[in-house]
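Have the viewer open as you read.

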Amino acid sequence: MSTIQFPEDFLWGAATAAYQIEGAWNEGGRGLSIWDTYAHTPGKIRNGDNGDTACDSYHRYEEDIAYMKELGLRTYRFSIAWSRIFPDGTGAVNEEGLDYYHRLIDELLENGIEPFCTLYHWDLPQALQDTGGWKNRNTIEAFVRYAETMFKAFKGKIKFWTTFNEPWCVSFKAHYIGDLAPGEQNLQSALDVAHHLMLAHGRTVKLFRESWVPGQIGYAPNVSWREPFSSREEDINACRRRIGWMVEWFLDPLFKGEYPAFMAAAFAAMGAAVRVEPGDMEDIQQPVDFLGINYYTGSLGRYKQGNGLFELEDIDEGYERTDFNWPIYPGGLYKVLVHIKERYGPVPIYITENGACYDGDPVEGRIQDVKRIHYLRQHLIQLKRAMADGVPVKGYIAWSLLDNFEWADGYSRRFGLIHVDFNTLKRTPKDSFYWYKSVIGNGGVET
């Protein structure tokens, strides 16, 4: 066997999100979020599950950090629940919420683990949703004030800040496809939300610079890749539109100060348009220190008339699939990273999410998740391949540390390196946990 080595200062980590793990939905002064409302709406979540308890990490964070230390993590990516800080989205700060995150962050630092903070991972305070949510431009200013509060409270403690996680999901999946909170199905609403997220991001980055906060700031779009099935122009264009929808729509404004014209034309053909006000694009185009990239899947694609938003069908050429039924397409990670570098230049990148859903409970106290190990190994090899071709990747953060509340699928899907029994909340490290521990310890992947 040989080993593919990563740089000595490579930032190895694992990730979670507040609503998916914290629980304690009505403790410590926390207000309701849109996910509390959505998860308690009959028919929205598989098996009627909700995040009221989740992994109970609000009470068990010390135990979870002990596992992180055993794993050898150099960083832990977590999100702050906005409604723990501002129960109504705005107004007075909830000091109990601040205190909780101070305890969490202090415990991380005491164990030599760098906090990697996401300000927004989908859980908008319900009080703001009641006034229009992300469709209302006033929510932008509420977010900037929340971010400013976080910057002041944790200045010097947190060196890595991410404004938004997966803006495509927050906008198109939640407001057009409609299977995430708040569950709307309107293309114009999705475009409005996407633009307002970009504005909130840009204005927050500008505030970060003006406040002289030490550290780095970026944001974390989710991406995928579609490789054209053939050299036919219609196949190439169909894949181009899908990539444009998930990549360029959320990166061109950041780096080029404009939305991609070919995508604006595609939306216009469906009767929707991005509504830009004077000064918006200047606000969005703020220099970031890094990009967080979330990648899980991709496939071959070809044009099919009348098939969905951009008339694309995925071609299954016999891919292995995860238990989430996502094709395993490691080469797509390489291709999308090279595409980003070629289009936007050598911006530093952290892989802020990458992982696989494989279900299963312990057998005689052990979870032999060989398929997850294989998935992670394949993607790390492709990641190093991209680095060899000049993509400046600075770290890799696996999704996820723990089995957790998997949004619309509730507790039926497991992405964790650590198994959680959702009846007893007992944690059991999987074989992938120990494999990843050896990767971190050796600084590389055996092939």
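By class, the residues around the largest cavity come out as twelve nonpolar, three polar and two charged. Keep in mind that this is a predicted model.

**Cavities**

- Searching the whole structure turns up three cavities of 30 Å³ or more.
- The largest cavity has a volume of about 110 Å³.
- There are 17 residues lining the largest cavity, and those nearest its centre are Ile21, Ser57, Tyr76, Tyr100 and Leu104. Two or more lining residues each come from helix H1 (18-21), helix H3 (57-71), strand E3 (75-79) and helix H5 (95-110).
- H3 provides the largest share of that lining, with five residues.
- For the second largest cavity, the volume is about 70 Å³. It has 14 lining residues, with Ile34, Trp122, Val170, Ala174 and Ala181 closest to the centre.
- Helix H2 (34-39) and H8 are the elements that give two or more residues to the lining of the second largest cavity, and H8 has the largest share with four.
- How many charged residues line the second largest cavity? None: the lining of that cavity has twelve nonpolar and two polar residues, and no charged ones.

**The largest pocket**

- The largest pocket holds about 900 Å³ of space.
- Its lining runs to 37 residues, and Trp168, Lys173, Thr297, Phe324 and Trp326 lie nearest the centre.
- At least two lining residues each are supplied by helix H8 (167-177), strand E7 (222-228), helix H10 (233-256) and strand E8 (290-303).
- E8 gives the most to the lining of this pocket, namely six residues.
- Sorted by class, the pocket lining has 17 nonpolar, ten polar and ten charged residues.

**Strands around E10**

- Strand E10 (residues 349-353) has five of its five residues buried, so the rest of the structure largely encloses it.
- E10 pairs with E8 in the parallel sense over four bridges, and E10 also pairs with strand E11 (residues 393-399) in the parallel sense, over three bridges.
- From E10 the chain crosses through helix H14 (residues 370-388) to E11, a β-α-β crossover that is right-handed.

- The structure has 54 aromatic pairs. One of them is the edge-to-face pair of Trp134 and Phe164, at 5.5 Å centre to centre with 75 degrees between the planes.
- Why does that pair tie together parts 30 residues apart in sequence? Because Trp134 sits in the loop between helix H6 (126-129) and helix H7 (138-153), while Phe164 belongs to strand E5 (residues 160-165).
- Buried or exposed? Trp134 and Phe164 are both buried.
- One aromatic cluster is made up of Tyr19, Trp35, Tyr38, Trp122, Phe405, Trp407, Tyr411 and Phe422.
- Phe229 is in the loop between E7 and H10. With 41% relative accessibility, Phe229 counts as partly exposed.
- From Phe229 to Gly244 is 15 residues in sequence and 17 Å in space, C-alpha to C-alpha.

- Most peptide bonds are trans, and most residues other than glycine have a negative phi. The items below go the other way, so they're worth a look.
- The Ala181 to Pro182 peptide bond is cis, with omega near 10 degrees, and Pro182 lies in the loop between H8 and helix H9 (187-210).
- There's also a cis peptide bond from Trp399 to Ser400, with omega near 0 degrees. Ser400 is in the loop between E11 and strand E12 (418-420).
- Glu166 has a positive phi, near 55 degrees, in the loop between E5 and H8. At 6% relative accessibility, Glu166 counts as buried.
- Asn325 isn't a glycine either, yet has a positive phi of about 70 degrees. Asn325 is in the loop between strand E9 (312-315) and helix H13 (330-344).

Notes: Residues are numbered from 1 along each chain as its sequence is written. This is a predicted model: local features need pLDDT of at least 70, side-chain atom pairs count only at pLDDT 80 or more; totals for chains, interfaces and linings use all residues. Side-chain values use heavy atoms; hydrogens and water are left out. On a 1 Å grid over the protein atoms alone, a cavity is a set of points where a 1.4 Å probe fits but cannot get out, and a pocket is an open set with protein on both sides within 12 Å along at least five of seven lines; lining residues have an atom within 4 Å of a point. Grid points are joined across faces, edges and corners, and a volume is the space filled by probe spheres set on the points. Ala, Val, Leu, Ile, Met, Phe, Trp, Tyr, Cys and Pro count as nonpolar, Asp, Glu, Lys and Arg as charged, and the others, Gly among them, as polar. Buried means under 20% relative accessible area, exposed over 50%, partly exposed in between (1.4 Å probe, protein chains only). Two strands pair if DSSP finds at least two bridges between them. A crossover is right-handed if, with the strands pointing away from the viewer, the path from the first strand over the helix to the second runs clockwise. Rings of Phe, Tyr and Trp (its six-membered ring) pair if their centres lie within 6.5 Å; planes under 30 degrees apart count as stacked, over 60 as edge-to-face and the rest as tilted.
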